[in-house]
Amino acid sequence: MNLTPEQESIITTKDKTMLVAASAGSGKTFVVVEKIINSIVNERKQIDSLLIVTFTNAAASELRERIVKKLQEVLKTATELGDIELTYHISKQINKAWSAN
């Protein structure tokens, strides 16, 4: 997916509170997932240190599923590359994501 400058800025900005609001179908969920993955992988953040708010339980479930799916892809790559530290970190975040309420 080609990102707009605004989307790229959201994904790569560090240590700021952000509100992502846009029309339906504009890629909000994609950008939020990429932002979370970037924070977990590149900044080594813990998923349970992030506050992620949605309007419905269904939206929260969908977001969690997308995050875990993306983390599983990163885990597979880290494992293939033999990056033990990243493999451990990502495995831990996947477990935390599934156990979060």
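Which hand does the crossing of α2 and α3 have, right or left? It is right-handed, and the views below show the surroundings in this predicted model.

**View 1. Helices α2 and α3 packed together.** α2 (28-42) and α3 (57-81) are helices as DSSP runs (H or I, at least four residues), numbered from the N terminus. Their axes, lines fitted to C-alpha atoms over the stretch in contact, lie 10 Å apart at an angle of about 45°, with angles run from 0 to 180 degrees between N-to-C directions. The pair is therefore oblique (under 35 degrees is roughly parallel, over 145 roughly antiparallel, 65 to 115 roughly perpendicular and the rest oblique). Right-handed here means that the near helix is turned clockwise from the far one by less than a right angle.

**View 2. Side by side at the α2 and α3 contact.** Look for Phe30, Val33 and Ile37 among the α2 residues that meet α3, whose partners include Leu63, Ile67 and Leu71; contact means heavy atoms within 4.5 Å. The contact residues comprise eleven nonpolar, one polar and three charged (Ala, Val, Leu, Ile, Met, Phe, Trp, Tyr, Cys and Pro are nonpolar, Asp, Glu, Lys and Arg charged, the others, Gly among them, polar).

**View 3. Helix α1 against α2.** α1 (residues 5-12) crosses α2 at roughly 35°, their axes coming within 8 Å, and this crossing too is right-handed. Gln7, Ile10, Ile11 and Thr12 of α1 meet Val31, Glu34, Lys35 and Asn38 of α2, a set of three nonpolar, three polar and two charged residues.

**View 4. Lining of the largest pocket.** α2 gives the most to this lining, with six residues. The lining as a whole has 15 nonpolar, six polar and eight charged residues.

**Notes.** Residues are numbered from 1 along each chain as its sequence is written. Local features need pLDDT of at least 70, side-chain atom pairs count only at pLDDT 80 or more, totals for chains, interfaces and linings use all residues, and side-chain values use heavy atoms, leaving out hydrogens and water.

Key. Helix = DSSP H or I, 4+ residues; strand = E, 2+ residues; numbered from the N terminus.
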